Every structure is written in C-alpha cells, then in structure tokens.
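Please keep the sequence and the coordinates open while reading.

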Amino acid sequence: RALVDTIIDGIIVIDAKGLIQSLNPAAVSLFGYSPDEVQGQNIKMLMPADYAHEHDGYLHNYLTTGDKKVIGIGREVTGKRKDSTTFPMELAVSEMEVHGERMFTGIVRDITERKRAEIELQASENRIRALFDTIVDGIIVIDAKGLIQSLNPAAVSLFGYSPDEVQGQNIKMLMPAHYAHEHDGYLHNYLTTGDKKVIGIGREVTGKRKDSTTFPMELAVSEMEVNGERMFTGIVRDITERKKVEQMKTEFISTVSHELRTPLTSISGALGLVLGKAAGELPEKAQLMLEMAARNSERLTLLINDILDLEKIEAGRLEFEFKIVDLIALAARALDDNYGYARKHQVRLMLNCNLIQAPVRADEHRLLQVFSNLISNAVKFSPEGDTVEICVAAHDSGFRVEVRDHGAGIPQAFRSQIFQRFAQADSSDTRQKGGTGLGLSITKAIVERHHGEIGYESEAGVGTVFHFDLPAWSSVNEADRSVLGMRALICEDNPDVAHILADMLEPEGLVCDIAASASGARTLLGQHAYRLMLLDLSLPDVDGLIFLQELREDPTTAQLPIIVVSGRADEGRDTFRGDAVTVVDWIQKPVDQKRFKQALQEALCRVTRPRILHVEDDPDIVNVTQVLLEELADVSHVNSLHDARQVLANQAFDLVVLDLGLPDGSGLELLDEIKGRCPVVIFSAQIPNRDITEQVVAALTKSVTSNEQLLVTIKNCLNMSEVTER
C-alpha cells in the first residue's frame with residue numbers, strides 16, 4: 001500500500017470487464033478524478049473517443065483468444081482528464097489474478113515534457129538539416145578512418161559526385177595526388193599524438209572534381225563527437241573567382257606601374273621644362289594653363305605612387321633598407337624638404353627638441369615619407385600665418401615624434417576611418433585641399449614595419465596632434481651579442497692596430513674576434529658567423545690578396561662584407577680593379593676615421609635578406625612556415641640531422657628554426673654545432689627542459705604557438721641580430 005500510494009507513476013487496476021477497481025494518488029492527480037468518481041466505471045472514461053473504441057476490442061480479443069496485443073507491452077497513448085483535456089502518456093499493462101479473479105494493472109506516466117522536448121529537438125534537427133542542405137559552402141563529414149559519411153548538396157555540386165558515389169569512400173578521392181599522400185599522415189599524426197597540424201586551421205588547398213579537374217579552395221577542418229565516435233567536418237569554399245580577381249589586380253598594378261608611370265613622367269618633365277625655361281615668354285593665360293596642368297600631373301603622379309606603395313606594403317614587397325639613423329637629424333631634414341610646400345601655404349615650420357640625439361633603426365627614406373605625409377597634412381589644414389610644430393622627445397623605451405597643427409580638428413564622425421585607404425573627411429573642404437586619401441594609410445603601414453605605433457589627438461577648433469613612436473636603438477651587452485651572432489672578424493697581425501680597430505667597431509654593437517694570421521682567421525670563420533671582416537693584406541702566413549680571393553671563392557664567405565685596412569690598400573685596389581672580386585672599401589693606413597665610419601655603415605647595410613634554416617621533417621609545418629616567413633627572409637629547409645649538418649657546413653645562416661623530433665635523431669644534437677654561429681629558435685611539439693632553453697633565444701611549442709607568435713618571435717630574433725633587409 002505504501003509503495004502504491006507514493007510511487008510517482010499512476011496505477012490503475014481494472015477487472016476483466018474493464019471496470020476500474022482502484023487507482024493510486026498519482027493517478028488521481030494525473031486524471032483529476034477522485035477515487036469515488038471512477039470506482040466501478042469503465043476505463044474508457046480516461047481515454048479519448050478513438051482509444052476508447054479500440055479498448056473494448058483489445059480486451060475482448062485477449063479474453064477470447066489469448067492474443068496479447070496490449071498486455072505486457074509498453075506503448076505511447078493519449079489520456080483524457082476530467083476537464084476533457086488530453087495529454088501524451090506511456091502505458092504498460094500487466095495481468096494478475098486476485099482470489100481467482102482475472103485483473104489488469106495499468107501503469108501510466110505523463111510524458112508531456114518529453115514529447116515537447118522531442119518536438120523541439122526534431123524542429124532543431126530540421127533547421128540544421130535545412131542549413132546543411134542550403135548553405136553555399138560545401139560540407140563533408142568523415143570518420144576517424146578518413147571515410148566519407150555525408151556531404152551536403154553544395155559539396156555534391158562542387159565536386160560533381162553524387163552522395164552514393166562517395167559514401168564510405170576515402171576522402172582522398174577529392175584531392176590531387178600530392179594532397180592525398182599527405183592526408184593519411186595528418187590524420188594518423190593527430191589521432192596518435194593529438195598534434196593539430198590541420199584540425200582547427202583554415203588554409204588554401206586544391207580540390208579534385210569527378211572529371212579530374214582541380215580548383216583552388218579554402219578548407220576549414222573541425223572535430224566533433226557523435227554517439228561516442230570521433231568525426232571530422234570539412235567546410236570547403238571554391239575560391240577560383242577570388243584567385244582570378246587577385247590575378248587581375250596583379251596585372252592591373254603591373255599595367256599601372258609600367259604603362260602609366262612612363263608617359264606621366266614625360267608629361268611632368270616636359271611641363272616643368274617649358275615652365276622653367278620659357279616662363280617669362282609665355283602669355284599669361286597660357287602660363288596659367290600650363291601651371292594647372294603641371295599641378296594636376298604632379299597630383300596624379302603622387303596618386304599612382306601611393307597606390308603602388310600601398311599594394312607593395314600589403315604584398316610585403318615594399319623594400320626597406322634599415323640602418324641606424326638619428327631621428328632628430330631626420331626631422332630637421334624633413335623640415336627642409338617641406339619648407340617650400342609650407343611657404344606656398346603661408347605656414348611656418350618649427351622643430352622642438354631637447355635631446356642631443358635619438359638613434360633608431362630605420363629606413364631613412366621611408367621615415368622621411370612618414371614625416372612628409374604628416375607635415376603636409378598639418379600644413380594643408382592650418383590657417384594662413386600659423387605654425388606647424390614638430391617635436392622629438394623621449395617616450396617609454398623609445399622616442400615619440402609629434403606633428404601639431406592649430407586647424408579645425410578632425411570631425412568626430414571621421415575619426416574611426418582616418419587610417420583607412422582613400423579616407424577623406426568630406427567632399428568639399430578636403431577636395432579643395434587636395435590629396436589622395438592614401439597618405440595616412442601608407443604612413444601607418446610604414447611605422448608598423450618599423451615596429452612602431454601611430455596615433456593622434458584632436459579637438460574641434462583647437463587643432464590636431466599626430467604622433468608616432470619608435471623603439472630606441474641601443475647596443476646589447478656583449479654576452480647577448482655573442483649568442484646572437486653580432487660579430488666582426490679582424491684579421492690583423494699588429495695587436496695594437498687590431499685593438500684600436502675593435503674599439504672603433506664596438507659602438508656599432510659588434511663583438512670583435514681577432515686573428516693574427518690567415519690560418520687563424522680560417523679557424524674562426526669555421527666556428528662563427530660574422531657580420532663583417534676587416535682584413536690586412538700583409539699577413540705572416542699568406543699574402544692578403546690571395547686570402548681575399550680564397551674568401552670570395554668559398555660559398556660560406558662569398559657574401560661576407562669585407563673592408564681592407566692595410567698599408568697596401570692602394571696596391572690591392574689596383575690589382576682587383578675591374579675584377580669580379582670586390583670589397584666594401586680599401587682604406588690605407590693610417591686610418592681615416594671618417595672614411596672608415598662611412599665604409600662601416602655601408603658594410604653593415606650590405607647584408608642581404610636574412611637567411612633562415614628550417615630543420616623540420618613535417619611537410620605541412622614546412623609549407624606553413626615558408627608562407628609565413630616569405631616576406632621576411634629567405635628560408636631553406638632540411639628534414640634530417642644529416643642534411644642539416646651538410647647545409648650548415650657549407651652555408652651561413654642568420655637564424656635556425658629547429659624541430660627536436662627528427663627521423664634520424666634529436667635536433668638537440670645540432671645545438672653544439674650551431675652554437676656561436678647564429679641564434680636558434682626551437683619550434684617543436686616536444687617541450688625542452690630549462691637547460692636547453694637557456695642555450696637558445698626562444699623555445700616555442702607547436703600545439704600552443706600561433707602563426708602570429710611564431711612570426712613575431714622570429715622577427716625579434718632577426719632584429720636583435722641586426723640583420724638588415726635588402
């Protein structure tokens with residue numbers, strides 16, 4: 001009785017005639033009748049009409065034939081409450097005998113909430129199915145074995161196969177041969193190591209259609225679990241049209257560069273010549289027309305140059321020649337360069353600075369472009385008779401340049417787009433002032449390539465201050481320089497002269513090694529990578545000119561900048577005049593310090609694009625890294641310890657990116673061989689211990705390091721090495 005009264009399911013007992021004998025409290029609550037109201041009544045009163053009609057048939061059939069169509073079988077039916085409302089319920093009927101009388105027990109459970117959830121789930125599934133079927137991107141689902149489980153209509157259309165043709169087939173059938181070969185390796189590597197080389201990473205690949213034609217596509221792979229089974233979803237997008245547009249853009253830029261610049265240069269030159277030579281002889285009206293043509297020709301030239309610069313910046317092809325420059329001297333030069341423009345607008349320029357010098361590592365011509373853009377903007381929007389102030393000051397760990405005007409200020413609505421290309425505040429005042437709308441966008445890109453930041457403050461009616469911050473250049477300590485390969489070799493048999501030359505190189509941030517002979521120099525060249533070499537021609541063991549020829553014929557030293565400092569410098573210059581073997585300069589002893597300094601700056605700037613050796617056996621990592629670094633450096637790749645040793649024996653590098661898990665051993669075996677020659681960045685799925693990380697400049701883990709983090713780390717390492725981009 002306690003069990004019947006407290007159980008949450010309704011319990012109803014009927015006799016062989018279908019008359020209710022009893023019901024528990026849960027059934028009372030469920031149907032809304034009191035026990036007295038249903039006692040002795042036919043069970044049909046708790047059923048809708050259609051179920052009530054069927055009930056008599058079930059009961060009669062069982063009693064006469066023994067055929068159990070309902071008895072002992074759970075099923076879903078509909079119940080009817082006292083207020084005539086209906087609800088879905090689960091019904092389980094069982095038979096029993098009490099005092100020789102046949103009785104039936106029905107256990108009922110209200111499943112309204114479950115049915116509602118099922119309906120909502122079905123609706124959700126329908127929505128997902130509709131999305132799956134109508135989305136424009138192709139969706140392909142594969143299992144852990146790489147077998148295709150399903151694909152949506154967009155994927156069917158994209159690859160040309162029907163669902164039946166690919167169901168259960170390996171996903172490799174949708175790839176060209178070289179991708180198909182790599183795919184098994186990716187999947188096996190992830191399933192065994194958890195190293196995500198493709199999963200969760202969007203990338204461009206090539207797809208293969210049923211007719212064997214290929215097409216470029218974007219692929220994004222994600223992982224999911226369905227009923228405890230690991231599955232993978234690939235979302236693919238055909239980017240054929242995008243590639244065509246990119247090609248058209250490249251061709252257009254090429255046309256602009258080659259076909260427009262040449263005639264425009266001729267036009268501008270011709271107009272300048274006419275206005276310069278015959279200005280006083282021309283009628284006033286003709287003079288005005290020619291001046292207008294010259295102004296617009298100059299404006300068009302600036303626009304074309306800005307467009308090309310912007311395209312080069314975006315493509316990573318804008319060349320920079322970094323060297324150590326004084327930001328104050330550069331600001332003063334910028335004032336001189338823009339003096340004529342300011343005078344034409346009747347605006348004064350003024351430089352404010354309390355610093356003695358502000359050394360930065362920069363491309364002076366590109367920074368002058370930044371100064372020019374900011375100064376010309378300030379002048380353009382300044383009232384006549386006003387002054388534009390340029391200030392250079394110390395800021396944080398670097399320097400800040402400010403360009404201040406006292407114009408109307410930048411409209412509030414325009415501030416969010418001020419650094420966007422072709423951005424102009426309005427179509428009236430700005431158009432009257434002139435400009436392409438590209439200057440600030442280019443300025444921002446140049447500053448950021450210098451590892452700087454740009455910003456502004458503006459107040460309506462008061463004026464605007466644009467500022468950019470650059471990191472200060474400073475020499476690092478000797479230990480760091482030694483690790484990073486910032487070394488110079490002095491080959492000089494006179495120790496006093498050698499130490500004087502070393503003192504002259506030290507302010508440039510170089511650690512100097514001294515060799516008193518050619519054989520000593522050869523030994524040091526085999527141990528370290530050098531940024532520069534100073535060479536005396538009078539050596540105790542071999543003639544310096546013969547040694548110089550030897551250095552130029554050796555591929556590991558062929559590109560090494562050399563300054564000859566010798567009492568025989570003039571003789572050496574005459575000997576090699578017109579020969580393919582050259583040096584930065586031939587400086588006669590005693591040393592002219594001014595000339596030596598100029599030669600030193602030229603030698604340090606002669607370093608070509610950084611050369612990186614990537615030691616990695618996984619082709620996917622190699623490809624991604626190659627694309628990531630292609631704008632930054634020339635990257636060579638080897639996939640084993642054996643190949644790495646061979647390459648390192650014959651070539652010099654500015655940085656080694658090293659994987660630890662290689663097919664013929666651990667990458668750690670290379671550390672002692674690389675030590676002192678160039679910096680090393682470990683990029684591996686294995687996490688090295690502290691003793692190892694202290695021997696390298698950075699240790700990155702593949703599974704947690706983003707492309708951006710890898711790129712920034714390598715950039716920083718190359719910058720610390722004072723590698724100059726060509």
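Helices (H or I, at least four residues) and strands (E, at least two) are DSSP runs, numbered from the N terminus. The model is predicted, and local features need pLDDT of at least 70, side-chain atom pairs count only at pLDDT 80 or more, while totals for chains, interfaces and linings use all residues. Residues are numbered from 1 along each chain as its sequence is written, and side-chain values use heavy atoms, with hydrogens and water left out.

H99 lies in the loop between β4 (86–98) and β5 (101–110). Its phi is positive, about 55°, although H99 is not a glycine. Most residues other than glycine have a negative phi, and most peptide bonds are trans. Relative accessible area is classed as buried under 20%, exposed over 50% and partly exposed in between (1.4 Å probe, protein chains only). H99 counts as exposed because its relative accessibility is 83%. H451, in the loop between α15 and β16, also has a positive phi, near 60°; with a relative accessible area of 41%, H451 is partly exposed. A cis peptide bond, with omega about -5°, joins K589 and P590, and P590 is in the loop between β22 (585–588) and α21 (593–605).

Next comes the sheet. Strands pair if DSSP finds at least two bridges between them. Five strands form an open sheet in the order β12-β14-β15-β17-β16, with mixed pairing. Its edge strands, β12 (348–353) and β16 (453–459), each pair on one side only. β15 and β17 run antiparallel and are joined by eight bridges; F399 has L470 in β17 as its bridge partner.

A nonpolar core is a set of buried Ala, Val, Leu, Ile, Met, Phe, Trp, Tyr and Cys residues joined through side-chain atoms within 4.5 Å. The largest has 39 residues, and among those touching the most other members are L327, F371 and F468. Elements that each supply at least two residues of this core include α11 (327–337), α13 (364–380) and β17 (463–471). The most comes from α13, with eight residues. A second, separate core of 24 residues includes L489, A518, L545 and V564.

E616 counts as buried because its relative accessibility is 0%. Contact means heavy atoms within 4.5 Å. Not counting residues up to four places away in sequence, E616 touches residues including H637, N639, D659 and K702. A polar atom of the E616 side chain lies 2.9 Å from the backbone nitrogen of D618.

Methods:
A polar contact is a pair of N or O atoms within 3.5 Å; within protein, one must be able to donate a hydrogen and the other to accept it, and residues adjacent in sequence count only if both atoms are side-chain atoms.
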